[in-house]
Amino acid sequence: MARTASSNRNRLNRGDGAWGYAFIAVALVVYTLFTAYPVVSAFLISFQEYKPLGSTYIGLDNYTEIFKSSLFWKAIGNTVVYTILTVPVALILSFAVAVMIMPLRKWMQTTFKAVYYLPAVASGVALSVVWLWIFDPMQGGILNQLIGAFGIDSQNWLGASSTSMFSLVLMSWLSSHGTSIIIYVAALLGIDDSYYEAADIDGASFLQKMWHIVVPCLKPTTLFLLVTGVIGSFQVFQNAYLMTGGGPDHATTMVGLLIFDTAFKYFEFGEAAAQSLVLALMIGFMAFLQFKFLGKDVEY
Amino acid sequence: MKKGSRFSVSVLALMVTAGVLGACGSNNGNSPAANNAAGNTGGEGAAAKDTITALLPPVSPTYQENFKQMEADFNKLYPNLTLKIEPASWEDMTQKLDTQVNAGSPPDIAFIGSEGISKYKQLDMVLDITDTVTPEMVADIDEAPLEYMKNGDGLYGLPAYMEVHAIGGNKPFLEEAGIDWKKVQQSGWTYEEFREAIKKGVVKEGDTTKRYGFVFATAGVASKDYLAILVKNAGMPSPFTKDLKYAYTSPNYLEVLKAIRQMIDDGSMPKEISSVDAGKRWNMFLTGQTMITGKGLAVFENSSMKNNEKIDANDGSAVKDSVKTDYVVLPVPTFAGQPAASAAVVDGYVAFRGKKEPTAEHKANVVKAAYFLASGQVAAQTNGDLFAAQITDSGRKASESLPSKQSDYNKAAVQYLLSTAAPARPDIPAELGAKAIKLETEVIVPKFQALLAGETTPEKMFEDVKKAAVDTFGEDGVFK
Amino acid sequence: MSLYNNQLGNPLFKFVRNMILILLLLLFALATLFPIYFMIISSFGDPVEAGAVSYSIWPGKFTLDSYRFFFAFSEHSYRWLWNSLIVATVIMVSNVIFATAAGYSFAKVRFRGSKFLFGMLLVAMMIPYQVTQVPLYILIVNIFDIPNTYSALILPSLVTVYNIFLAKQFMSSIPNEIIESAKVEGCSQLQILTRIIMPLSKTVMAVMAILTFMDAWNTFFWPFLVTNTMEMQTIQVGLKNFRFANTTYFSPMMAGATISAVPMFILFFSLQKYFLEGVTVGAVKG
């Protein structure tokens, strides 16, 4: 019986390999040309002293340079702190919002989703102007007015090393969850009603359903958002660059910013490439851990 | 494994080489090689066709509108030559240029700051035009700004303007505080005088400060401008002394750091100064929250006048809560009895080369295009818009016919500042310059931000800078 | 929608619960909407160059002049919008098709090297673009020699790893039985993909469409690098032309930003019905 089943499956799966390759063919070509090739170049450059008119191979010098640099490790530390403070909060917030939207009427669902999605369409310039106003250190600053109402003294948000990291984290908390909310809502809609029906028959409470149905069913989505979130957060550069320039006293220097400086301020392309590969290795390790602990795709 | 990687390396190398050759042949159809070939087959080559590409940001509001006109005018002047202007936005243009340079295919001409030359020279991607500029061109351009376009023995471009980064005050407030601004404009002031003046400029209502004496934009990376402008007037016009020792280990540097803290502690500057950005401080100037602001450029007089007009129109278009202001150009105070040395910024048209050495002919054409942009009508118009002084004879002549809204006393003040401008230092080797930039980015700016935020003391910061300088340049490489 | 126990509560309980939810959602919405509000408000200001941003919650003046100014500023204003539309649409369509196919392949089709290839894709995501941008530029501009073309703008984003990953994660929760029973009925893999998987994945495809379009529409740096004439610039690159050395045409820039947000709205609302209809497996089976 078991044997027939497996041979049946084999028969059914015959030819799948070819289809498998066919489905990824375009993706693979695009990937090879526009992603793999630049990455391989970067890998080669990391062993060079790069000059457009002719580079020289210098072995592992770029890598030893990194491991000697205390600033690189400080930047890694800052990035880890930033990631730990932002990514889980972003996941929880967007999950909560997605769940809260679900019982509402359709038009309200639409409206709220549009509302949360909106900040993503705003121009970066508008956003940065507004955030500078929010963090304005003078009495007129929005955040200072807010905490002033609770009797707290005005803070020099972006200008002091005690608050600058927190300010960047706050900025991330309050902006751009649109993408993850939309993805979570889509995933929630994908859960088959029959699960809930079965649970209702068993008299399951809201929290029980949440824990036994929603959380496991959303695992692949959560994994996706977690991995891409961590990758994004490790490469974060724009906010630190625009809002604090990494300061004060390197309190907000992130690896992304450091790589940018190395590549474009000091024109040490080889070292920048080496830095990014070390960074990629770390991200890769973390992604591996995430896959290991969350990665078991839910089987039905 | 080894074999495999060698194979991929050689394939890659092949691809890159092929690409490079391809690029040389067809980079926007303007490459030296292609033109050269065309020139040779064309026979005499006297009037061979050539295209010059220029990467230009919107230098002034009218600049970009005039691109078409510039291209046409240039073609009229040299019928065999085509000027192809690549527009780029102001803040991102460096990154575009850097990418193009690193890819080995920069434009022929790019508009950049003179301090950028050494960075590209390190990669051997700038073009030395010393032997190509004609004596007439050199005679037309003022010497001081032209010096800025030099590095080592080479001349790498032609200057567009020379602007002084100074400070600026609001006339009614200055007079209210009893400051003889006319005298300051003509002969400068010392830090001690300045400190008293900005103390007098403070207006308080109970405990809250309604108006500060002095506000300088220092948020993020802008903080380096503040420090750089001040130390120039403390006997350190350049990061390196004449005998090429790193200058910022001088005790005068500590004096400046102490003064910076002092002005904040006096209450003349806001204690939150470390997060005041360029937009915010100008807003504070227009809304009467500060008497003096920095960094100041001559063109701010124009912005101030425009806002006054809007206040008069009373249609709600003026900056919210703004008051009428009258911008007065002021010099930066001097420290420790040192002579004034104003921070001059020279931007200009720098010549670049691609992977292949350009032909002499193409090089000459590039210089023609750079000179066309840097002189005469184009320069007159641009510098007029920017309230910047003309730095070519031909530009001065062409600007006579253009109207100017700049007040005479500010014009004179700018001239005074230009006369005290810190001289160019083409003798600083590119390698030393690069080290200084790295030291500035990784140590000075972060520590300085901490100093402004009150998280470190001037003495501590001075020690940190000194230590880092010795680490970078060696005991003998720094000023003692 | 029976995650919530509707049958348990009385109507009053349900009403109160929904009111609390709405209140919470509104509070959070207020915080995230503020920048947009500011953008739109500022766009109704005067189209004069302002040395400083006017920090105010209410507009001092209401005029459409900035919108007129935006379109009059450059003869290419419409062209920028058009370029962005073409580029973003092509990228969106190709991503939805090819990333869905690749995602399905990685999630459900067994073939040799599938895990390895997928790992390779993910690894590439982890390299910061600051470093890959120069080799990519060399490839497009020097080797392929296609600067300043639509191809240069589109090709690198034809299929993104992000979308493949997204599709794979969603499809991994489609029950294997559906695919197997389709095979028993003699469907080929292509038929399974187009007749079963794609209808079942409408939600994620809609999500992918909107996110990809938005991303392509908002990209600034790559179009900025590979275009070298005003005619080929996209709207995001064009908007930057309003910034000068020391001054900015603030209101027209905000007007442009507002205009550039409109297509994304239209797309969002036109794809809305796919977002809202949970595609039930049962419905397809039956």
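**Interfaces, a pocket and local geometry in a predicted model**

Colleague: How many salt bridges does the rule count over all chains?
Modeller: Over all chains of this predicted model, the rule brings the count of salt bridges to 27.

Colleague: Which residue of chain B meets B:Asp326 in a salt bridge, and what parts does the pair tie together?
Modeller: B:Asp326 lies in the loop between helix H14 (300-313) and strand E10 (327-330) of chain B, and its partner sits in helix H8 (residues 171-176) of that chain, so the pair ties together parts that are 155 residues apart in sequence. The two side chains meet at 3.2 Å, N to O, and the partner is B:Lys171.

Colleague: How many salt bridges does the rule find across the interface of chain A and chain C?
Modeller: The interface involves 102 residues of chain A in contact with 106 residues of chain C, and the two chains bury about 9,600 Å² between them, 76% of it on carbon and sulfur atoms. Seven residue pairs are in polar contact across this interface, both residues being at pLDDT 80 or more. By class, the side of chain A that touches chain C has 75 nonpolar, 17 polar and ten charged residues. For salt bridges across the interface, the number found is zero.

Colleague: Which element of chain A gives the largest share of the side that touches chain C?
Modeller: In terms of area, A:Phe23, A:Phe34 and A:Trp133 supply 8% of what chain A buries against chain C, more than any other three residues. In terms of residues, the largest share is 20, and the element that supplies them is helix H2 (residues 16-45) of chain A.

Colleague: Which element supplies the largest share of the lining of the largest pocket?
Modeller: The largest pocket has a volume of about 1,400 Å³, and of the 41 residues that line this pocket, the closest to its centre are A:Glu65, A:Glu268, A:Glu271, B:Lys438 and B:Glu442. By class, its lining has 14 nonpolar, ten polar and 17 charged residues. Elements of chain A and chain B each supply at least two lining residues, among them helix H4 (70-101) and helix H15 (269-294) of chain A and helix H20 (458-473) of chain B. The largest share, eight residues, comes from H19(B).

Colleague: Where is the cis peptide bond that involves B:Lys295?
Modeller: B:Lys295 is placed in strand E9 (residues 290-296) of chain B. With omega at about -10 degrees, the cis bond joins B:Gly294 and B:Lys295.

Colleague: What is the phi of A:His250?
Modeller: A:His250 is found in the loop between helix H13 (238-244) and H14 of chain A. Although A:His250 is not a glycine, its phi is positive, at about 65 degrees.

Note on methods: Residues numbered from 1 in each chain as written. Chains lettered and ligands numbered in written order. Predicted model: local features only at pLDDT ≥ 70, side-chain atom pairs only at ≥ 80, totals over all residues. Heavy atoms only, no water. Contact = heavy atoms within 4.5 Å. Buried area = accessible area lost by both parts, 1.4 Å probe. Salt bridge = Lys/Arg side-chain N within 4 Å of Asp/Glu carboxyl O. Polar contact = N/O pair within 3.5 Å; in protein donor to acceptor, adjacent residues only side chain to side chain. Helix = DSSP H or I, 4+ residues; strand = E, 2+ residues; numbered from the N terminus. Nonpolar A, V, L, I, M, F, W, Y, C, P; charged D, E, K, R; others polar. 1 Å grid on protein atoms, 1.4 Å probe; cavity = no way out; pocket = protein on both sides within 12 Å on 5 of 7 lines; lining within 4 Å. Points joined across faces, edges and corners; volume = space filled by probe spheres on them.
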